[in-house]
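Reader: I'd like to learn how to read the aromatic side chains in a model like this one. Could you walk me through it?

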Amino acid sequence: MTSITMLLLCALLWRHRLTQPLSLLLCALLAANFGLSLFSYSLYQAPFNDGFALSILETHPDESFEMLAMYWPYLAVTTVSAIGLMLLTRKLSRRLPTRVLQAGSLLLAAFMSVTYAKAAYHDDSSQPRRWVPSAYLMEKSAQFNASYFIAALNDSQLIGEISQRKVRHHIEQRPTGIDTYVVVIGESARRQSMNLYGYPQPDTPQANAQRQNMLLFNDAIAAAPLTVLAVPLSLSIASPARFELHDYADNIIGLAGEAGYRTYWLSAQDAYDSYANAVTAIALNAREKAWVSGDHDFSLLPHLDKALQQPGRKVIFLHLMGSHSSACKRFPSGAATLHEQGAYDSCYVNSIRYTDSLLGQVFARLKGQRASVLYYSDHGQERTPDNGGTYYHGGEYPSQEAYRVPQFIWYSDAVPRDRTRTGQVNAPYSTADNYYLMMNWLGIRTGVRDCASPLSDCYAPPSSITVLNAARRKLDYHRLPDNVRLARAAR
């Protein structure tokens with residue numbers, strides 16, 4: 001109903017020269033709403049959601065152009081739809097009586113007023129998204145996808161407030177034999193696409209050469225399929241099982257700084273503005289921060305070198321672009337040494353190898369120091385072999401592929417052997433527990449039991465693992481289909 005009444009409103013606005021631009025804008029918004037739904041259903045077989053909306057809002061302009069180039073057919077359909085709606089609006093404006101257009105517009109105004117009033121005086125705590133009256137209004141209208149953007153903007157505002165909250169702990173520090181810690185957070189790296197885990201292409205030679213110095217996680221599972229959800233969950237006490245945005249304020253960067261470590265956040269991903277997203281909000285807890293504009297992840301190395309020259313105990317976070325779409329642009333053209341049958345498959349495995357090369361550079365720089373590295377990817381990627389090997393983030397109905405990630409802890413030879421923990425963790429492990437793992441790794445005790453950490457004496461593997469989908473709905477990971485084809489067959 002709202003689609004028809006909105007078209008009648010557009011037709012009424014078309015009749016006056018001063019209101020014609022507004023009519024054109026409404027037509028464009030209707031077409032954009034259709035384009036977003038078409039994109040989401042075609043690629044993910046699921047509705048658009050606030051996780052996707054938040055990712056779009058936080059996308060850098062350069063990355064936006066890359067995504068538009070990849071998904072240009074949807075942009076073309078949206079453009080054609082907008083033109084069609086504008087032509088239809090002009091035709092309705094000329095043929096329908098004024099009283100019909102006015103009646104439709106009044107009906108739309110009445111519906112939206114009643115719907116907003118209902119939302120404003122109602123608070124449903126059972127909703128998966130926080131209750132925002134304007135989002136509820138849009139959800140019931142022809143612009144229903146706008147509701148997700150409103151909810152995402154509301155979350156961004158709350159995250160800005162969280163970034164200014166300081167959580168204090170009662171800290172006890174135990175000796176670890178390590179002075180320098182480096183946390184490398186990869187991007188969109190699939191565990192099943194790495195030679196370290198059995199993939200046939202030699203895309204992880206540096207990691208393979210250091211395997212004897214690693215604690216390798218063989219079944220690490222990301223907490224969510226999107227960076228904006230997965231990274232904060234891995235750095236804070238927030239968890240998929242009890243997801244609260246306020247929990248982002250208690251994060252490992254703030255805790256490490258409170259324990260006396262000099263903290264650094266070095267990112268190849270843009271910050272956009274001071275409170276753009278949850279990742280930025282947590283990163284602002286670091287003593288020194290840099291969002292590096294460079295062609296590839298190796299542009300972080302000079303900043304790493306500068307941090308390593310500083311005296312004292314330190315924790316350095318490197319946030320990579322890794323294998324993010326488009327993977328073909330994540331490494332220099334001269335670094336394309338591996339080849340697969342599909343062109344994008346080749347790009348993807350070469351992006352994995354490029355990340356491995358960066359890890360090799362990090363290992364080399366820390367070789368003579370009492371140092372350790374934690375590497376993990378924020379989330380995995382779905383792969384659809386039926387359309388040329390397209391890789392994309394998990395959506396509302398993901399498979400396990402969207403969550404399978406690599407993770408390991410590496411120790412330099414300078415660390416006393418009795419202070420290292422090498423070997424393998426074969427049990428399923430959620431990266432949402434990395435807060436406790438890093439707390440244990442850094443030798444920090446707060447009085448909170450860290451039994452979720454495999455480094456802890458009281459560690460016990462979880463009986464089940466909860467993950468979030470792109471709409472922030474809780475799912476049992478082990479009940480998810482193994483891959484995209486099975487996920488589609490199950491619906």
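**Reading the rings**

Author: Happy to! Let's start with a charge over a ring: Arg313 lies over the face of Tyr261, at 4.2 Å from the ring centre. A charge sits over a ring if NZ of Lys or CZ of Arg is within 6 Å of the ring centre and within 35 degrees of the ring normal. Before we go on, this is a predicted model, where local features need pLDDT of at least 70 and side-chain atom pairs count only at pLDDT 80 or more, while totals for chains, interfaces and linings use all residues. Residues are numbered from 1 along each chain as its sequence is written, and side-chain values use heavy atoms, with hydrogens and water left out.

Reader: How is a pair of aromatic rings described?

Author: By the distance of the centres and the angle of the planes. Rings of Phe, Tyr and Trp (its six-membered ring) pair if their centres lie within 6.5 Å; planes under 30 degrees apart count as stacked, over 60 as edge-to-face and the rest as tilted. The structure holds 14 aromatic pairs. In one of them, Tyr181 and Trp441 have ring centres 4.8 Å apart and planes at 80°, so this pair is edge-to-face.

Reader: Where in the chain do Tyr181 and Trp441 lie?

Author: Tyr181 is in strand S2 (residues 180–186) and Trp441 in helix H15 (residues 434–441), so the pair links distant parts of the chain, 260 residues apart. Helices (H or I, at least four residues) and strands (E, at least two) are DSSP runs, numbered from the N terminus.

Reader: Is Tyr181 buried or exposed?

Author: Buried means under 20% relative accessible area, exposed over 50%, and partly exposed in between (1.4 Å probe, protein chains only). Tyr181 has a relative accessible area of 0%, so it is buried. Trp441 is buried too, at 4%.

Reader: Why is the pair of Phe363 and Phe408 called tilted?

Author: Because the planes of Phe363 and Phe408 are at 50°, with the ring centres 6.4 Å apart. Phe363 lies in helix H14 (residues 343–366) and Phe408 in strand S10 (residues 404–411), so this pair ties together parts that are 45 residues apart in sequence. Phe363 is buried, with a relative accessible area of 5%, and Phe408 is buried at 1%.
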